[in-house]
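Please look over the model below before reading on. The questions and answers that follow take a few of its residues in turn.

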Amino acid sequence: MTESGAALRSRRGMYGLLGANTLSLGGTRLSQLAIPWFVISTTGSATQTGLVAFALMGPYVVAKGLGGPVIDRVGPRRVIVVAELAAAATVVTIPVLHLFGLLDVGVLLGVVAVLGALTGPADGAKGALVPVVATRAGVPLERVTGLYGMIERLATTVGAGGAGALVAWIGAIPALWVTAATFSAAAVIIAWTAPRSDAGSDDEPSGYLRRLAVGLGFIRDDRLLRSIYVMVAVTNLLDAAAFQVLLPVWAHDTGAGPAVIGLLSAILGGAAVVSSALAAAVGERMPRRLTYLVGFLVAGPPRFVILAMDAPLWSIIAVFLLAGFGSGFLNPILGAVIFERIPAQLVGRVTTMGSTIAWSGIPFGGLVGGGLVAAAGISGAWLLCGVAYLVATTLPGLQREWAEMDRAR
């Protein structure tokens with residue numbers, strides 16, 4: 001085998017994971033648009049649409065966090081293949097039930113809850129594969145986490161736009177067949193390319209709950225990991241408040257309209273894609289702690305402050321462009337630090353539970369945003385969120401244990 005052939009073979013798992021994640025995330029974004037659109041277009045009820053969205057994301061977050069012991073026990077490859085195929089079969093039931101006139105909202109709620117409970121562990125297992133394929137490929141963790149994050153951001157920007165165009169072209173129900181196809185293709189790619197993982201160690205405690213407790217205990221005892229996950233939970237809550245409540249209120253009050261919300265979201269995500277690609281190329285040579293502090297300083301508070309001011313649109317666009325560029329460097333750095341600190345046999349449990357902690361504030365973002373607007377007005381709410389963002393990201397980064405980010409290199 002030639003040297004280039006050997007390199008390609010060693011990186012097959014990495015390429016396969018990135019490709020499968022692209023397909024799976026594309027299918028997920030499509031379902032997240034098609035299913036709510038089907039509900040709102042057939043019932044006209046915003047309440048029922050919200051219930052369906054909650055029924056999808058609630059089980060997703062919970063199942064992702066609770067799936068860690070299974071991932072570590074049987075290996076991420078097997079979890080991904082089984083869960084993706086089961087998710088594809090679940091998605092297919094929606095157009096089939098609709099064809100026979102059996103798809104009422106109650107049935108749909110049950111189906112999407114099962115779908116969320118399957119895609120959560122599948123996505124968690126893909127994350128657990130990252131350090132495995134990086135090691136096999138001989139590629140720095142920052143590069144793999146950078147590429148992985150870039151794909152996620154592309155799915156949020158380009159993927160969401162493509163999903164909207166597809167639903168508009170062929171309709172919500174036919175689009176779900178495409179979702180099922182992407183999930184199936186992702187399972188096939190992982191089955192073909194992903195390295196087989198060793199089963200969990202016999203030295204570990206038996207019993208699901210005891211194994212889950214080991215993962216939670218690891219996060220509790222590692223001060224840096226615990227601090228990272230809590231910090232991300234706070235920033236996710238503030239970002240959810242901004243996008244779910246503050247931006248719509250601002251756009252309504254100023255007359256900017258929904259088109260500007262879409263424009264700002266696209267600029268933020270597009271700039272992050274560019275910097276994620278750059279981080280994937282040079283991230284291993286960047287000082288981690290300094291990159292984290294500067295990245296969050298640029299990516300967070302300025303967005304909130306500029307929207308609290310009566311600023312022209314061009315200046316808001318410029319700030320969002322800079323913020324998006326700064327944010328793209330964060331996940332590759334944080335991801336590399338997290339993976340380096342977790343023993344191989346605990347990766348599934350710690351990363352999935354950590355992800356659940358990080359996402360725990362998102363469901364409350366709308367409540368916090370609405371409460372702040374009611375208490376302080378829209379400008380005051382923006383400023384309060386900006387201050388909270390600055391404190392939540394800068395104060396932990398100045399603590400002594402965060403110096404370990406660079407010592408872990």
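Q: Which backbone nitrogen does the side chain of Asp 72 reach at 2.7 Å?
A: In this predicted model, local features need pLDDT of at least 70, side-chain atom pairs count only at pLDDT 80 or more, and totals for chains, interfaces and linings use all residues. Residues are numbered from 1 along each chain as its sequence is written, and side-chain values use heavy atoms, with hydrogens and water left out. At 2.7 Å, the side chain of Asp 72 reaches the backbone nitrogen of Gly 348.

Q: Is Asp 72 buried or exposed?
A: Asp 72 lies in helix 4, a DSSP run (H or I, at least four residues) numbered from the N terminus. Buried means under 20% relative accessible area, exposed over 50%, and partly exposed in between (1.4 Å probe, protein chains only). Asp 72 has 10% relative accessibility, so it counts as buried.

Q: How does Val 74 count at 30% relative accessibility: buried, partly exposed or exposed?
A: Val 74 also has its place in helix 4. Its 30% relative accessibility falls in the middle class, so Val 74 counts as partly exposed.

Q: Where is Trp 382, and what is its relative accessible area?
A: Trp 382 sits in helix 17, residues 365-397. Leaving aside residues up to four places away in sequence, Trp 382 touches Ala 242, Leu 246, Leu 247, Trp 250, Phe 304, Leu 307 and Ala 308, where contact means heavy atoms within 4.5 Å. Trp 382 is buried, and its relative accessible area is 2%.

Terms used: Helix = DSSP H or I, 4+ residues; strand = E, 2+ residues; numbered from the N terminus. Polar contact = N/O pair within 3.5 Å; in protein donor to acceptor, adjacent residues only side chain to side chain.
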